[in-house]
Amino acid sequence: MSTTSRADMFGRRMITTDVEEITDENVLSVLEKALEIHEQNRSEIQYLYDYYKGNQPVLGRTKEYRKEINNKIVENRANEIVSFKVGYLMGEPVQYVNRGKDDISDELNLLNEYVFAESKSTKDKELAEWFTIAGTSYRMVLPDSTEEPDEAPFEIYTLDPRDSFVVYYSGLGNKPMMAVKSVTKNDDTVVRSIYTKDKYYEVENDKIIKNEVHFLGRIPIIEYPANSARLGAFEIVLPLLDAINEVASNRIDGIEQFIQAIMLFKGIDIEAEDFKALKEEGGIQVPLEGDLKYLTQELNQTQTQTLVDYMYQTVLTICGMPNRNGGSSTSDTGTAVIMRDGWTAAEARAKDTEMMFKQSEKEFLRLVIDITNTLRNTNLKLSSIEIRFTRRNYENIQEKAQVLISMLSNEKIHPRLAFEHSGMFVDPELAYTQSMKYAEEKKKEAEKALNAFSEKQVNDEKAKINSTAESEEDV
C-alpha cells in the first residue's frame with residue numbers, strides 16, 4: 001500500500017501556473033513545477049485506489065499480547081460506496097437533447113449515434129469510477145484516425161489520473177493552459193505528452209523530443225473533478241471505515257481467544273509433559289487446596305454491534321447513501337419511504353455531482369462539435385444542446401405517462417417540451433422524433449383511408465343513381 005497517510009489527505013490539489021502563455025521556452029519549467037504537485041496527488045490517488053480494491057491499513061495491524069491471534073478483517077465499505085455512487089449516477093447513458101429554438105433533431109440524433117458508436121456510456125462509467133475514488137478523472141478526445149476510420153469522426157479515451165493532469169492559469173478564470181499524459185515504457189523510461197491549445201510536445205529525460213503544431217484549437221484532455229475540493233466519495237469517512245475494520249477484526253479475535261482461553265493453575269505445579277497429557281485426556285486430578293480453571297472474558301457482542309451499526313449509519317449519512325433499515329411502517333407512501341430511507345439525500349448528492357460533470361462535459365462537447373462540424377459538415381452548436389441524466393427513469397411511470405398526456409393535450413405547450421419534461425424517456429429527442437414520424441404516418445394512413453372511403457361512397461352513390469335511372473327506363 002502507498003506510504004501516504006490518510007491524515008495528510010484533504011482532496012487533490014489544483015495544479016496552477018503563473019505564466020500567461022505556454023511556449024517552447026517555458027514549457028519544461030512549467031512541467032517541472034507541475035510535477036511536484038502531481039506526484040503528491042498521484043501518491044494519494046494510489047492510496048485511495050488500493051483502499052478501494054481492499055488493500056486497507058487493517059491488513060498491517062499488530063497486537064502486543066496474544067500475537068498468535070491476530071485476525072485481519074476487511075469490510076470493504078469503500079467499494080460499496082463507489083459501486084452505489086457510480087451505478088446510481090451512470091445507471092443510464094447520458095443523453096444530449098435539444099434545448100434551443102432551432103430544430104436540430106436530425107443532427108442531434110446523429111451526435112447521439114456517434115457517441116453510442118464510441119461506447120461513451122461505458123467510458124462515462126470509467127470516468128465516474130475514477131472521480132468517485134480519487135476525486136478527479138480525465139478524458140481525452142482526438143479526431144478519428146485516417147488509417148482506421150470508423151463511424152464516429154472522433155475517438156474518446158479515459159485516462160488514468162495517476163498519469164494525467166491539467167495545469168490551469170492561476171489568474172482570473174483558471175483557464176486550462178496545458179495538459180499532460182505520461183506513459184512508462186518497458187525500460188522504465190517515462191515519456192510525457194504535453195498538449196496546449198495549439199502545440200504538442202513530447203518530453204523524455206527532461207528533453208523535448210517532439211514539437212508539433214496541432215489544429216484542434218483546444219486542449220484535448222479535459223478534467224472531470226468530483227467536486228471543487230476534488231475529494232473522493234469515501235475519503236471523508238476513512239477514519240470510520242478503518243474503525244469498522246478494527247472492530248470486525250477484534251470481534252473475531254475475541255471469539256478465537258474465548259475458544260483458545262489460557263488455563264489458570266492455582267496452587268498446582270505441572271510439567272509440560274503433564275500439560276500435554278491434560279489436553280489429550282481432557283481432565284486432571286488436583287489437590288484439595290488447588291484450583292484449575294480457564295481465564296475467559298467474552299466480548300459483549302450486543303454492545304459491539306450497537307457501535308458497528310452507529311459507525312455504519314454515520315458513514316451512510318456523511319456519504320449521502322440510502323440506509324438499509326427498511327423501516328417498520330406498512331402505511332408509508334412511496335414518497336415517504338424514499339424520504340425516510342435516505343434516497344432523497346442520495347438524489348441531492350447525485351445532482352451535485354451532475355453539475356460538476358456537466359461543466360466538464362461542455363468542454364468535451366465544444367471539442368466534439370468542432371471536430372464533427374469540420375469533418376462531417378454538420379451545424380451543431382453548444383447552446384442548442386442540453387446534457388440530460390436519465391437515472392431512475394422508470395420510477396412512477398404511470399404518473400409520468402399522465403404528465404405526458406396532459407402536456408400533449410395542451411395546445412400552448414410544444415410537444416417537444418412534453419417529451420423532455422415528462423421524464424418518461426431515456427432519450428426524449430429520439431422519442432419525440434420517432435413519435436412525430438409515427439403520428440405523421442398515422443395521419444397519412446387516416447387521410448388515405450378517408451379518401452378511399454369517400455371515393456367508395458361517391459362510386460356507390462353513382463351506381464345507385466345509374467341503377468335507378470336504368471329501372472325507370474325499363475318502366
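I began with the largest pocket, where α9 gives the most to the lining, with seven residues. I keep in mind that this is a predicted model.

**Entry 1. The largest pocket**

I looked up the volume of the largest pocket and got about 840 Å³. The lining counts 32 residues, and those closest to the pocket centre are Y168, N174, K175, P176 and M177. I then sorted the lining by class. It has twelve nonpolar, eight polar and twelve charged residues.

**Entry 2. The cavity**

How many cavities of 30 Å³ or more does a search of the whole structure find? It finds one. I noted a volume of about 100 Å³ for the largest cavity. Its lining is made of 16 residues, and R13, N41, T136, Y138 and E223 lie nearest the centre. Two elements give two or more residues to this lining: α1 (27–53) and β5 (164–169). Of the elements, β5 gives the most, with four residues. By class I recorded eight nonpolar, four polar and four charged residues.

**Entry 3**

I turned to the strands next. Three of them form an open sheet in the order β4-β3-β10, with antiparallel pairing. Which strands are at the edges? They are β4 (154–159) and β10 (221–223), each of which pairs on one side only. Neighbouring strands in this sheet are turned by 25° against each other on average, direction ignored. Helix α4 (residues 120–134) packs on the sheet and touches β3 and β4. The direction of α4 makes about 25° with that of β4.

A reminder to myself: strands of a sheet pair through backbone hydrogen bonds, either parallel or antiparallel.

I went through the two pairings one by one. β3 and β4 are joined over six bridges in the antiparallel sense. On that side, L142 stands opposite E155 in β4. Strand β3 (residues 138–143) is joined to β10 by three bridges, again antiparallel. There, M140 stands opposite I221 in β10. The bridge partner of Y138 in β10 is E223.

That last pair took me back to the cavity. Y138 and E223 are both among the residues that lie nearest the centre of the largest cavity.

**Entry 3. V27**

I picked V27, which is found in helix α1. Is V27 buried or exposed? V27 is buried, because its relative accessible area is 0% and the cut-off for buried is under 20%. I listed its contacts, leaving aside neighbours within four places in sequence. They are I22, M178, I194, Y201 and I208. I194 is 167 residues from V27 along the chain, and their C-alpha atoms are separated by 8.8 Å.

Most residues other than glycine have a negative phi, and most peptide bonds are trans. I looked up two residues with a positive value.

D206 has phi near 65°. D206 is found in the loop between β8 (199–204) and β9 (207–213). D206 counts as exposed because its relative accessibility is 68%, and exposed means over 50%.

R230 has phi near 55°, also positive in a residue other than glycine. The place of R230 is the loop between β10 and α5 (238–259). Is R230 buried or exposed? R230 counts as buried, because its relative accessibility is 8%, under the 20% limit.

**Entry 4. Whole-protein figures**

The protein has twelve helices and 13 strands. What share of its 475 residues counts as buried? The figure is 40%. Among contacts with a separation of 6 or more, residues 24 or more positions apart account for 67%. The contact I noted between V27 and I194 joins residues 167 apart along the chain.

Methods
Residues are numbered from 1 along each chain as its sequence is written. This is a predicted model: local features need pLDDT of at least 70, side-chain atom pairs count only at pLDDT 80 or more; totals for chains, interfaces and linings use all residues. Side-chain values use heavy atoms; hydrogens and water are left out. Two strands pair if DSSP finds at least two bridges between them. Axes are lines fitted to C-alpha atoms, for helices over the stretch in contact, and angles run from 0 to 180 degrees between N-to-C directions. Contact means heavy atoms within 4.5 Å. On a 1 Å grid over the protein atoms alone, a cavity is a set of points where a 1.4 Å probe fits but cannot get out, and a pocket is an open set with protein on both sides within 12 Å along at least five of seven lines; lining residues have an atom within 4 Å of a point. Grid points are joined across faces, edges and corners, and a volume is the space filled by probe spheres set on the points. Ala, Val, Leu, Ile, Met, Phe, Trp, Tyr, Cys and Pro count as nonpolar, Asp, Glu, Lys and Arg as charged, and the others, Gly among them, as polar. Buried means under 20% relative accessible area, exposed over 50%, partly exposed in between (1.4 Å probe, protein chains only).
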